[in-house]
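Q: Could you walk me through this structure, starting with the charged side chains and then moving on to whatever else stands out?

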Amino acid sequence: MITLGIESSCDETAAAILENGTRILSSIVASQIEVHSPYGGVVPELASRKHIEAIAPVVDEAIQSAGIRAPMLDGVAVTQGPGLVGSLLVGFSFAKAFAYAMDIPWIGVNHLEGHINSVFLTRTPPAFPFIALLASGGHTAIYHVTSHTTSTLMGQTRDDAAGEAFDKVSKMLDLGYPGGKIISDMARKGDPKKIFFKRAYLDKNKFDFSFSGLKTGVRRYIEKNLRHLNREVPDIAAGFQASVVDVLSFKLFAAAEKMDCRHVAVVGGVAANSSLRKKIETTAKRKGMTVHIPPLSLCGDNAAMIAAAGYHHLVQGQTSHLDSDVYSRIKS
Ligand code: KG4
Ligand code: ZN
């Protein structure tokens, strides 16, 4: 079965072709970073317009570089939510029209389920059940994953997402956008032990997160130390990153222990963070657990993960209908 995946929930227009839900024939990601970086964050109206410009050429490129022709496609999977409504609508409407014209089934996919399924695009996918830490710019949550299409939310952030905290701290330090990669590169030059920022473990038996206190802690430190700030930037970045990494890692392993689970996964944009990857890999090794983290190209938003998740719905005969709509938030 050959599936076309489409993703447009935020500031990446992406399309991918997948064979049998696991083999990536092509994965194209058109980033809008340059459009949004002067504003220090994603501007929804600009994002929608850029998606409109990019969607057809990106899908075309995915089909071409997979070495297939459109009539060879068996189904389409597209992000339905959560995300920016205007952005989502572009990919979603395109997918609907494309599937209708080609007369093939299509399915709307939850973006977070897509991130979780990114681990199945690696050579050593996890066995079920496993615990997944999803850390991105919009979400930070822990799931007990029981199949490709079923999982239970164990806890999530009460305020900022982990990636959002990286972005905000980068902005405070005038380092630019998006902040994840910038802060992690800067942290490499600093000492994580020099400046201590409190770890927000909250209730150690629960799996909720909070990063707004840490953000305030960094802001206060910056305000108090303005005079030596330039010298201290790498240590601030390293201290901040260590606080986030410690909490994410602690909660992931606590959840695994609670559920008596030997397999852990980390997905989402923040999974690209090398310090987080290292900490989770060494801790898992010490505890005799298997750890699954996708390659960098599959951590950030991409359409291969959407096709991977959608594939499992399509093979179960689940499809979406022309009257279905996008959603900005998960209904609770
Ligand atoms: O999954 P993603 O591409 O989009 C969302 O669904 O949100 O995640 C983007 C987030 C951004 O906040 C970005 O700063 C963060 O992931 N990020 C990182 C790194 N690379 C990207 N955070 C920490 N370290 C990184 N290396
Ligand atoms: Zn995402």
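**Charged pairs, a helix and a zinc site**

A: The side chains of K181 and D185 meet in a salt bridge, with N and O 2.7 Å apart; a salt bridge here is a side-chain nitrogen of Lys or Arg within 4 Å of a carboxyl oxygen of Asp or Glu. This is a predicted model, in which local features need pLDDT of at least 70 and side-chain atom pairs count only at pLDDT 80 or more, while totals for chains, interfaces and linings use all residues. Residues are numbered from 1 along each chain as its sequence is written, chains are lettered from A and ligands numbered from 1 in the order in which they are written, and side-chain values use heavy atoms, with hydrogens and water left out.

Q: Where do K181 and D185 lie?

A: Both lie in helix α6 (residues 179-187), four residues apart, which is about one turn of the helix; helices (H or I, at least four residues) and strands (E, at least two) are DSSP runs, numbered from the N terminus. An α-helix has 3.6 residues a turn, so residues three or four places apart point the same way.

Q: Which residue does D185 form a salt bridge with at 3.4 Å?

A: That is R188, 3.4 Å being the distance between the closest N and O atoms, and R188 is exposed, with a relative accessible area of 56%. Elsewhere, salt bridges that share partners join D160, E164, K168 and K215 into one network.

Q: How many salt bridges are found in the whole structure?

A: The search finds 14, and one of them links E53 with K50, whose closest N and O atoms are 3.0 Å apart. E53 and K50 both lie in helix α2 (residues 44-66), three residues apart, with E53 exposed at 53% relative accessible area and K50 partly exposed at 31%.

Q: Switching topic, what does α3 pack against?

A: The buried residues of α3 pack against β1 (2-7), α2, β4 (75-81) and β5 (106-110), where contact means heavy atoms within 4.5 Å. Among those buried residues are L88, V90, F92 and F98, and K96 is also included. Helix α3 (residues 85-102) has 18 residues and reaches 25 Å from its first C-alpha to its last, close to the 26 Å expected, the expected span being 1.5 Å times one less than the number of residues. Just after α3, D103 takes a positive phi of about 60°.

Q: And which residues coordinate the zinc ion (ligand 2)?

A: H111 (NE2), H115 (NE2) and D301 (OD) do so, at 2.0 to 2.1 Å; donors are N, O and S atoms within 2.8 Å of the metal (3.2 Å for Na, K and Ca), and water is not among the atoms, so sites may look incomplete. H111 and H115 are four residues apart in helix α4 (residues 111-117), so they are separated by about one helical turn, and H111 is buried at 6% relative accessible area, as is H115 at 1%.

Q: Why is the arrangement around the zinc ion (ligand 2) irregular?

A: The arrangement is irregular because the four donor atoms subtend angles of 95 to 140°, whereas four donors count as tetrahedral if all angles lie between 85 and 135 degrees; four count as square planar and six as octahedral if opposite donors are over 155 degrees apart and all others between 65 and 115, and anything else is irregular.

Note on methods: Buried means under 20% relative accessible area, exposed over 50%, partly exposed in between (1.4 Å probe, protein chains only).
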